[in-house]
Amino acid sequence: MIDKHLLESLSSSDKESFAKGLKELILQTYQVEKGFIELKELFEEVLDVLPTAVWVLEKEGEIFYQNSLASEIPSFLEQLSLEDSSRQEIEYDSKVYLVQTNQKLDKLIISATDITHEKRQERLASMGKISAHLSHEIRNPIGSVALLASTLANRVDLKNKALVLEIKKSIWRVERIIKATLLFSKGVNLQKISINPERIQEELCESLEYYTYTKEIDLQWKFAKESFEGDFDLVCIVLQNFLFNAVDAIEESEEEKGLIEIEYHKQDDKAIFRIFDNGKPIENPQILFEPFKSTKLKGNGLGLALSLQIIEAHNGEIKLLDGNKKGFEIIL
């Protein structure tokens with residue numbers, strides 16, 4: 001507080017100079033405060049656009065500050081052990097976070113970065129290597145069994161033919177899984193040719209003869225005659241996957257009879273396939289194309305993941321259709 005007697009002892013010019021200096025000091029204080037507020041807002045905006053959740057805690061554990069990502073996972077801090085090291089991985093709400101803590105002055109700074117994608121890629125790489133190794137190991141003995149089954153089919157009595165046929169179907173299924181696994185782990189290489197859609201239909205009908213199912217299924221085709229460009233073998237693998245998924249969905253449903261509709265038409269330079277079925281509804285659309293994840297009783301989790309890889313290699317896409325009928329659209 002300024003001394004009253006001191007002010008009275010000042011001359012008029014001194015008082016004027018003092019008032020002017022005081023006014024400038026107050027203005028500078030306001031400017032500093034304004035600059036601090038703007039800097040604080042900028043700092044908070046920067047923290048909000050970071051792909052990382054950030055908390056600043058008081059000594060007592062109360063939240064001094066949190067950015068928008070942190071506010072979206074309010075119970076996350078309950079999962080943390082603040083006594084642990086400054087770097088840890090936490091699983092929370094089906095995601096994996098890398099958590100780092102740092103002490104500054106009397107505040108504890110915590111950051112949590114979503115590394116789910118990176119961990120998933122690591123797991124997929126490991127699973128891919130293991131699957132490829134197993135596929136190579138299984139391929140030779142399965143080839144021998146397939147050869148023996150073919151020999152046996154020519155020698156057994158008529159009453160045992162059906163048994164040998166079931167063995168051959170099972171071998172075909174294992175060989176198909178091996179081929180899909182190796183394709184998925186190595187990646188697809190396209191060999192495009194002009195494809196007659198009738199060949200696709202013939203191939204799918206033939207492959208269905210090797211697939212085991214118990215219900216009566218009505219298979220309806222609506223194929224245009226226009227040819228299209230693509231890798232014949234790989235396109236067949238994709239359509240087989242969707243066809244067999246439709247069969248499995250019918251097998252797992254409460255329907256006594258099944259219906260599968262497969263359509264094909266050309267639109268400009270695009271080949272468009274649609275497949276519908278009246279089978280069991282899709283339980284979890286979010287994991288449809290996740291490798292090694294399946295809700296099917298007979299699924300291995302690679303069919304749709306490989307299909308997506310093949311279609312993307314053709315610069316196409318796969319869509320789950322919304323409507324009265326359950327179905328997919330495959331665009332090449």
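Biologist: Where does Glu-202 lie?

Modeller: Glu-202 lies in helix H6, where helices (H or I, at least four residues) and strands (E, at least two) are DSSP runs, numbered from the N terminus. Residues are numbered from 1 along each chain as its sequence is written, and side-chain values use heavy atoms, with hydrogens and water left out. Please keep in mind that this is a predicted model, in which local features need pLDDT of at least 70 and side-chain atom pairs count only at pLDDT 80 or more, while totals for chains, interfaces and linings use all residues.

Biologist: Is Glu-202 buried or exposed?

Modeller: Glu-202 counts as exposed because its relative accessibility is 54%; buried means under 20% relative accessible area, exposed over 50%, and partly exposed in between, with a 1.4 Å probe and protein chains only.

Biologist: And which residues form the negative surface patch?

Modeller: The negative patch is formed by Glu-198, Glu-202, Glu-203, Glu-206, Glu-209 and Asp-233, and its largest share, five residues, comes from helix H6 (residues 197-209). Patches are made of residues with over 30% relative accessible area and no salt bridge, with like charges joined within 9 Å and nonpolar side chains (Val, Leu, Ile, Met, Phe, Trp, Tyr) within 5 Å. Asp and Glu count as negative and Lys and Arg as positive, with His and the chain ends not counted, and the place of a charge is taken as NZ of Lys, CZ of Arg, CG of Asp or CD of Glu.

Biologist: Which residues make the nonpolar surface patch, then?

Modeller: Leu-22, Leu-25, Ile-26, Leu-27 and Tyr-30 make a nonpolar patch of about 480 Å², the areas coming from the Shrake-Rupley method with a 1.4 Å probe, and for residues only the protein chains shown count as cover. Tyr-30 has its place in helix H2 (residues 12-49) and is exposed, with a relative accessible area of 55%.

Biologist: Changing topic, how many salt bridges are there?

Modeller: The count comes to eight salt bridges, each being a side-chain nitrogen of Lys or Arg within 4 Å of a carboxyl oxygen of Asp or Glu. One of them joins the side chains of Glu-261 and Lys-222 (3.9 Å, N to O). This pair links distant parts of the chain, with Glu-261 in strand S9 (residues 257-267) and Lys-222 in strand S7 (residues 216-223), 39 residues apart. Glu-261 is buried, at a relative accessible area of 10%, whereas Lys-222 is partly exposed at 46% relative accessibility.

Biologist: What about Arg-274, what forms a salt bridge with that one?

Modeller: Glu-329 does, with the closest N and O atoms 2.6 Å apart. Arg-274 lies in strand S10 (residues 270-277) and Glu-329 in strand S12 (residues 326-331), so the pair ties together parts that are 55 residues apart in sequence. Lys-326 forms a salt bridge with Asp-277, the closest N and O atoms being 2.9 Å apart, and this pair links strand S12, which holds Lys-326, to strand S10, which holds Asp-277, 49 residues apart.

Biologist: Last one, in which sense do S1 and S2 pair?

Modeller: Strand S1 (residues 52-57) and strand S2 (residues 63-66) pair in the antiparallel sense over three bridges, where two strands pair if DSSP finds at least two bridges between them. Trp-55 has Gln-66 in S2 as its bridge partner, and in the hairpin of S1 and S2, which has five residues between the strands, Gly-61 takes a positive phi near 95°.
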